[in-house]
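Have the structure open as you read.

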Amino acid sequence: MAYLVLNQCSYVVLDEADRMIDLGFAPQIEQILESMGGLLKSEDETEAYRQEREDLEKLGKVVPRHRLTAMFSATMPTEVERIAKRYLRHPAIVSIGDEDSGKNARIRQRIVFLNSAQQKEGALRDVIRGSPHDHKIIVFVNEKKHADGVGRLV
């Protein structure tokens, strides 16, 4: 039987948080986060940055005193938002596709379904060539090897 000593862990990455909560794992997520080692950083932003610098300076010599928690979620249902407010300090929130308020009117989303790798590569080249150089483009892929290929293409 294997086990993990959570109070000795300083980093936690929670991916697909909304999906895990949909599957009923909210109590287990909270239990794990409560059992994690390290202190939560200060809610004061200046103090939190000082704490982070202090931990980084000692990295490799001692276990960081303050925990780093990263949480990724495609949606923000109430339960995910509650957990985020309780366990994250100064989170970066990225929202795309808020069509109702018009805040992201300059963002254009295109979803293209293609069958072959050649079609995908050609379509990506066309999008990149057709976009002004100062525009930003996000390309989602499902495997690291594909991300490496897109990186070489760009």
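How many salt bridges does a search of the whole structure find? The search turns up 11 salt bridges. Keep in mind that this is a predicted model. As background, side chains of opposite charge can pair when their charged atoms come close.

| Salt bridge | Distance, N to O |
|---|---|
| Glutamate 30 and arginine 86 | 3.1 Å |
| Glutamate 54 and arginine 65 | 3.7 Å |
| Arginine 82 and glutamate 79 | 2.6 Å |

Start with the salt bridge between glutamate 30 and arginine 86. Glutamate 30 sits in helix H2 and arginine 86 in helix H4, so this pair ties together parts that are 56 residues apart in sequence. Is glutamate 30 buried or exposed? Glutamate 30 has a relative accessibility of 13%, so it counts as buried.

Next comes the salt bridge between glutamate 54 and arginine 65. This one links distant parts of the chain: glutamate 54 belongs to helix H3 (residues 45-57), while arginine 65 is in the loop between H3 and E2, 11 residues apart. Arginine 65 is partly exposed, at a relative accessible area of 46%.

The salt bridge between arginine 82 and glutamate 79 stays inside one helix. The two are 3 residues apart in helix H4, so about one helical turn separates them. In general, an α-helix has 3.6 residues a turn, so residues three or four places apart point the same way. Arginine 82 has a relative accessibility of 36% and counts as partly exposed, and glutamate 79 is partly exposed too, with 27% relative accessible area.

Which residues are linked in a network of salt bridges? That network takes in Glu30, Glu34, Glu79, Arg82 and Arg86.

**Strands E1 and E2**

E1 and E2 run parallel, and 4 bridges join them. E1 has two faces: Val12 and Leu14 are on the covered one, Tyr11 and Val13 on the uncovered one. In a regular strand, side chains alternate between the two faces of the sheet.

**Methionine 36**

Methionine 36 is in the loop between H2 and H3. With 8% relative accessibility, methionine 36 counts as buried, because the cut-off for that class is under 20%. Leaving out residues up to four places away in sequence, methionine 36 touches Leu6, Asn7, Cys9, Ser10, Tyr11, Val12 and Arg67. Among those contacts, Tyr11 and Val12 are also E1 residues, Tyr11 on the uncovered face and Val12 on the covered one.

For a sense of scale, methionine 36 and serine 116 are 80 residues apart in sequence and 44 Å apart in space, C-alpha to C-alpha.

Key
Residues are numbered from 1 along each chain as its sequence is written. This is a predicted model: local features need pLDDT of at least 70, side-chain atom pairs count only at pLDDT 80 or more; totals for chains, interfaces and linings use all residues. Side-chain values use heavy atoms; hydrogens and water are left out. A salt bridge is a side-chain nitrogen of Lys or Arg within 4 Å of a carboxyl oxygen of Asp or Glu. Buried means under 20% relative accessible area, exposed over 50%, partly exposed in between (1.4 Å probe, protein chains only). Two strands pair if DSSP finds at least two bridges between them. Contact means heavy atoms within 4.5 Å.
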